[in-house]
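Please read the following report with the sequence and the coordinates open beside it.

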Amino acid sequence: MTAATLYIIATPIGNLEDITYRAVRILGEVDLIAAEDTRHSLKLLNHFGISKPLTSYFDHNQQIKGERILNALRQGKSVALISDAGTPCISDPGYQLVRDAVAEGISVVPVPGACAAVAALSASGLPTDNFTFAGFPPSRQGKRRTFLSGMNSLPGTLVLYEAPHRLLETLNDIREVLGERQVIVARELSKMFEEFIHGSASEVFSKVSQGVVRGEVVILIAPGEAAQQESEPLEKVLQRLMTSGTLSIKDIAKQASVISGVSRSEAYAEALKLKTDAD
Ligand code: SAM
């Protein structure tokens, strides 16, 4: 246990077995535990026989509580931050505290574990090499549609959190704004009624609309056509940029590497070759 350290500790998202040995050990060793909801976290701590001073840290008291927690750290105390479920700071309070602690040079240590977005993605069957986690979409339809259209050409899988009572309207916006992509609703992960609902955007919408969706959900959306379009070949991009006549070879290579997805050195070598051939 290191003094003056802020530990960011992941806790289970449903199944109490999904906590690490290290998380349990550190929670039992710190001087103070800051929790999103102390009553909720007390159940978890009691389950593991942990009895430690507990303080609340949630969205609406972040400023005052953040300062008190920082003070404890400045005095050399060790503090664990936990949220109601999963990884703190991921659509949960904590970011500001971590930012301020980092700015002061206080040691911040993550204790990794459950995160609904990563759990859902890992078992979804959608591409995992590139994904965007965009948290909760806005609750108002107009803003939600603008938010979704901004995601239209992202290259990877899109991962969203959503409240169950808004799931249907969000699925409707997904199919109307993003089109017929493959969509997965991952429900009640690690709990008794865990379920993955697969299909096209319309199929998933129709499956979900047949009943009342209860429990927590993650929405995953496959990359769309806009993102899958082949990037322009390097030679074509270089020729186009060279005809402008205003850019240096270095700048041409820089832009071409972004457009066609090759390394800057490859773009530079190819640009030099084209220039020599042309001279
Ligand atoms: N920090 C948490 C994490 O690491 O996943 C997320 C907290 S956020 C306030 C809560 C949202 O996460 C829920 O509305 C839901 O979208 C998702 N979520 C949390 N637990 C889940 C579960 N067991 N199954 C599906 N989604 C879950």
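In this predicted model, ring pairs link F133, F136 and Y161 into a cluster. Rings of Phe, Tyr and Trp (its six-membered ring) are taken to pair if their centres lie within 6.5 Å, and planes under 30 degrees apart count as stacked, over 60 as edge-to-face and the rest as tilted. By this rule the count comes to 2 aromatic pairs, which are set out in the table.

| Aromatic pair | Centre to centre | Angle between planes | Geometry |
|---|---|---|---|
| F133 and Y161 | 4.9 Å | 65° | edge-to-face |
| F136 and Y161 | 5.7 Å | 65° | edge-to-face |

F136 lies in the loop between strand 6 and helix 6 while Y161 belongs to strand 7, so their pair ties together parts that are 25 residues apart in sequence. The pair of F133, in strand 6, and Y161, in strand 7, likewise links distant parts of the chain, here 28 residues apart. Helices (H or I, at least four residues) and strands (E, at least two) are DSSP runs, numbered from the N terminus.

Y161 is buried, with a relative accessible area of 10%, whereas F133 is partly exposed at 30% and F136 is partly exposed at 45%.

Residues are numbered from 1 along each chain as its sequence is written. Because the model is predicted, local features need pLDDT of at least 70 and side-chain atom pairs count only at pLDDT 80 or more, while totals for chains, interfaces and linings use all residues; side-chain values use heavy atoms, with hydrogens and water left out.

Two strands are said to pair if DSSP finds at least two bridges between them. Strand 7 pairs with strand 6 (residues 131–133) in the parallel sense over 3 bridges, and within this pairing T132 has L158 of strand 7 as its bridge partner. The chain passes from strand 6 through helix 6 (residues 141–149) to strand 7, and this β-α-β crossover is right-handed, a term used if, with the strands pointing away from the viewer, the path from the first strand over the helix to the second runs clockwise. Strand 7 is also joined to strand 10 (residues 217–221), by 5 bridges and in the antiparallel sense, with Y161 standing opposite V218.

Strand 10 is mostly covered, 5 of its 5 residues being buried. V217, I219 and I221 are buried on one side of strand 10, and V218 and L220 are buried on the other. Strand 10 is joined to strand 8 (residues 182–187) by 5 bridges, and these two strands run antiparallel. I184 has L220 of strand 10 as its bridge partner, and A186 has V218 of strand 10.

These pairings belong to an open sheet of 5 strands in the order 6-7-10-8-9, with mixed pairing. Strand 6 and strand 9 (195–200) stand at the edges with a single partner strand each, so one side of each is left without a neighbour in the sheet. The twist averages 20° from one strand to the next, with axes taken as lines fitted to C-alpha atoms, for helices over the stretch in contact, and angles running from 0 to 180 degrees between N-to-C directions.

A further ring contact involves a charged side chain: R175 lies over the face of F205, at 4.0 Å from the ring centre. The rule for such a contact asks that NZ of Lys or CZ of Arg be within 6 Å of the ring centre and within 35 degrees of the ring normal.

On the scale of the whole chain, the protein is divided into domain 1 (5–114), domain 2 (117–227) and domain 3 (231–278), with bounds that come from an automatic or database domain assignment. The C-alpha centres of domain 1 and domain 3 lie 49 Å apart.

Methods. Buried < 20%, exposed > 50% of the residue type's maximum accessible area, 1.4 Å probe, protein only.
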